Amino acid sequence: MTVPTPSPHDPDHPHAGSPRSAPGEQPGTGPAPQPMPPYGVEAGYGGEGGPLVRRELREAAVCAVAVAVVGIVMGLLWLWLAPRVPLYNNGEVVLFKDPEGEEAIGAEGVFALLGLAFGVVTGLLVFLARRRGGIGLVVGLAVGGLLGSVLAWRVGVWFGPETDLPAAARAAGKGATFDAPLELHAYGMLLAWPVAATLVHLVTTALFGPREVSNAVAEAPQGWEH
């Protein structure tokens with residue numbers, strides 16, 4: 001008695017090397033294809049990251065403008081606290097009344113100290129206003145601090161002594177002493193404010209900023225024995 005062998009073309013007979021259907025799966029059907037994400041949902045331009053980028057840009061602009069405006073106050077303080085450089089008009093040329101004086105260096109030192117102080121204060125204020133931090137606030141502090149330093153420098157020069165030395169000498173008269181204009185020769189002093197502001201903000205955010213706690217609990221592998 002012979003047993004009939006299955007035909008190689010029998011669709012109901014599984015061949016060697018052909019994938020078997022999973023339990024509960026209809027024969028001849030494969031796993032259901034995964035749905036593709038809709039177009040444009042990835043983070044970036046026009047995607048889910050669009051609102052985040054716009055928020056960061058908005059916060060950077062607001063922070064930069066608010067910090068830069070404070071430069072007016074720093075400029076007035078610099079004008080008030082900076083030592084004056086006395087000049088002497090002998091009728092022919094204008095000379096330093098005290099050639100060995102350090103008033104000019106002192107004026108630049110006062111500007112640098114004010115920049116550091118304003119950087120610390122603005123960095124702390126921005127942190128207290130937005131404790132969560134963000135790249136937009138850091139950029140806003142850096143740009144606003146630099147613009148505030150430039151504004152403070154120009155305010156001190158504009159409202160300070162006359163910048164036209166011949167005109168100031170003629171107004172003072174022969175043999176008179178008058179103040180030299182406020183000057184800032186070391187332009188690196190302009191970086192004191194933005195550097196101090198960004199460092200203070202980053203340090204305070206790292207130490208006292210809110211912590212993000214993940215609620216996801218990792219599942220132990222099957223067969224894991226404690």
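How much accessible surface does the protein have, and what share of it belongs to carbon and sulfur atoms? I noted about 15900 Å², with 65% belonging to carbon and sulfur atoms, the areas coming from the Shrake-Rupley method with a 1.4 Å probe and, for residues, only the protein chains shown counting as cover.

I reminded myself that this is a predicted model, in which local features need pLDDT of at least 70 and side-chain atom pairs count only at pLDDT 80 or more, while totals for chains, interfaces and linings use all residues. Residues are numbered from 1 along each chain as its sequence is written, and side-chain values use heavy atoms, with hydrogens and water left out.

Next I looked up the fold and found six helices and three strands, in the order α-α-β-β-α-α-α-β-α; these are DSSP runs numbered from the N terminus, helices being H or I of at least four residues and strands E of at least two.

I then turned to the interior, where 30% of the 226 residues are buried (under 20% relative accessible area, 1.4 Å probe, protein chains only).

Finally I followed M74, which touches, among others, F111, F118 and W193, residues up to four places away in sequence not being counted; contact means heavy atoms within 4.5 Å.

Methods: Buried < 20%, exposed > 50% of the residue type's maximum accessible area, 1.4 Å probe, protein only.
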